[in-house]
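I opened the model to look up its strand pairing, its nonpolar cores and its charged pairs. My entries are below, in the order in which I made them.

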Amino acid sequence: MPATAEESRLLNETIYSDLESNDPVREKRAVDGLNDFTRTRIREDGVYRRIIPMQNIGNDELDRQVGTDQPVKVFDREPDSPAAVSVPFGAMPSNLYIKGDRYEVRFNRIVTPRFTKDVDELRTWHMDIRQVISDNAIKDMLAEEDGSFLSAVNSSLVAADTVVPTSGVEQWKTISGGITRDTLWDAFKIMPNTPSNIETHTCLVNHITINDIAKFGRDEMGGDMAQDIMRNGWTASEFMGKKWIVTIKKGLVPTNRLYMFGDPRFIGKSLSLVDATLHVKREAYFIEFFAYETIGGTIGWTSGLAAADFAA
């Protein structure tokens, strides 16, 4: 529930008092309150983290590399093996030398601009300063996370109607006929058509595209769901046996495009080395703050990705 003007004023007075003090404990208390709010918003709103959940990693879990001082973590990829065969009695199976591939996750730091404010101006604020910090700092970090991830997805899928070298099939297709029950099921054939036979686990569309799906009638959607959507709007988190994520980031997820993702275990790794943190510093009568995090992610298996563009 949003804070009232009086609650926001009292909150700002408390933060101002803590930051005004030379006592490091009180300053730490003000910063900690902001840190807790920051981390919650990122976990709640990020599209990327909802598709591949972020795992925390410590220094002792990192792998040293010869050519760099930067943090790296190496993961094993499941080795391939030929199918079993029938042999006559008295015969031995053929030899297969076991060899597994590996891939690495490299980390990078994401930072927001450094915001500054005269501390005396905080005395007159009636808005929640936590919301101001969230709006100015978190949006940029979320956009950077999601943008980098979807850029990697697009690169892995190469281009629409193009064969992906790692799978030998098209994993990003243009489907004519608009968005209908039939064309959606055709889209769900794309990922299982790879040699890995992975089924779609999560779907990602923007908030314009979901309205075309919400237009499905009772004969297409089945049961009373069409009536519920007409009354209450799209509220389903699961539909057609898949988890659906709806985003307002139309610049990253274009209208009439459906991104499909397999179970996170069949995609890759997403790691957090330094969780989202808000650095706050007061010098004289100025307060400055910026948010930062150190995360890493790698798509370790491209067959866990697919996309469909619906053409009229």
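**Conventions.** I am working on a predicted model, in which local features need pLDDT of at least 70, side-chain atom pairs count only at pLDDT 80 or more, and totals for chains, interfaces and linings use all residues. I number residues from 1 along each chain as its sequence is written, and side-chain values use heavy atoms, with hydrogens and water left out.

**Sheet.** I took helices (H or I, at least four residues) and strands (E, at least two) as DSSP runs, numbered from the N terminus. Two strands count as paired if DSSP finds at least two bridges between them. I looked up an open sheet of six strands, and its order reads β7-β14-β11-β8-β10-β9, with mixed pairing. At the edges I find β7 (172-176) and β9 (238-239), each of which pairs on one side only. I then followed β7 to its partner β14 (residues 305-311): the two run in the parallel sense and share five bridges. Within this pair, Ser-176 is opposite Ala-311 of β14.

**Cores.** I used "nonpolar core" for a set of buried Ala, Val, Leu, Ile, Met, Phe, Trp, Tyr and Cys residues joined through side-chain atoms within 4.5 Å. Buried means under 20% relative accessible area, exposed over 50%, and partly exposed in between (1.4 Å probe, protein chains only). The largest core has 30 residues, and those touching the most other members are Ile-51, Phe-149, Val-153, Leu-204, Tyr-259 and Phe-261. I listed the elements that give two or more residues to this core: α3 (47-51), α4 (129-156), β11 (257-261), β12 (268-283), β13 (286-299) and β14. For Phe-261 I looked up contacts (heavy atoms within 4.5 Å). Beyond its neighbours within four places in sequence, the contacts of Phe-261 include Ile-51, Phe-149, Met-191, Leu-204, Ile-267 and Leu-305. I also noted a second, separate core of 21 residues, with Phe-188, Cys-203, Leu-258 and Met-260 among them.

**Salt bridges.** I counted a salt bridge where a side-chain nitrogen of Lys or Arg is within 4 Å of a carboxyl oxygen of Asp or Glu. My search of the whole structure gives 10 salt bridges. One of them joins Glu-145 to Arg-49, with the closest N and O atoms 3.0 Å apart. Glu-145 belongs to helix α4 and Arg-49 to helix α3, so this pair ties together parts 96 residues apart in sequence. Arg-49 also bridges to Glu-293, at 2.9 Å between the closest N and O atoms. Glu-293 sits in strand β13, so its pairing with Arg-49 in helix α3 ties together parts 244 residues apart in sequence. I recorded Arg-49, Glu-145 and Glu-293 as linked in a network of salt bridges. Are Glu-145 and Arg-49 buried or exposed? Both are buried. Arg-49 counts as buried because its relative accessibility is 9%, and Glu-293 because its value is 0%.

I looked up another bridge, Glu-121 to Lys-117, where the closest N and O atoms are 2.7 Å apart. Glu-121 is partly exposed at 38% relative accessibility, and Lys-117 is partly exposed at 22%.

**Asp-161.** I placed Asp-161 in the loop between α4 and β5 (163-164). At 39% relative accessibility, Asp-161 counts as partly exposed. Leaving aside neighbours within four places in sequence, Asp-161 is in contact with Glu-170, Trp-172, Lys-173 and Thr-174. A polar atom of the Asp-161 side chain lies 2.9 Å from the backbone nitrogen of Thr-174. Asp-161 and Asp-309 are 148 residues apart in sequence, and I read 9.8 Å between their C-alpha atoms.

Note on methods
Polar contact = N/O pair within 3.5 Å; in protein donor to acceptor, adjacent residues only side chain to side chain.
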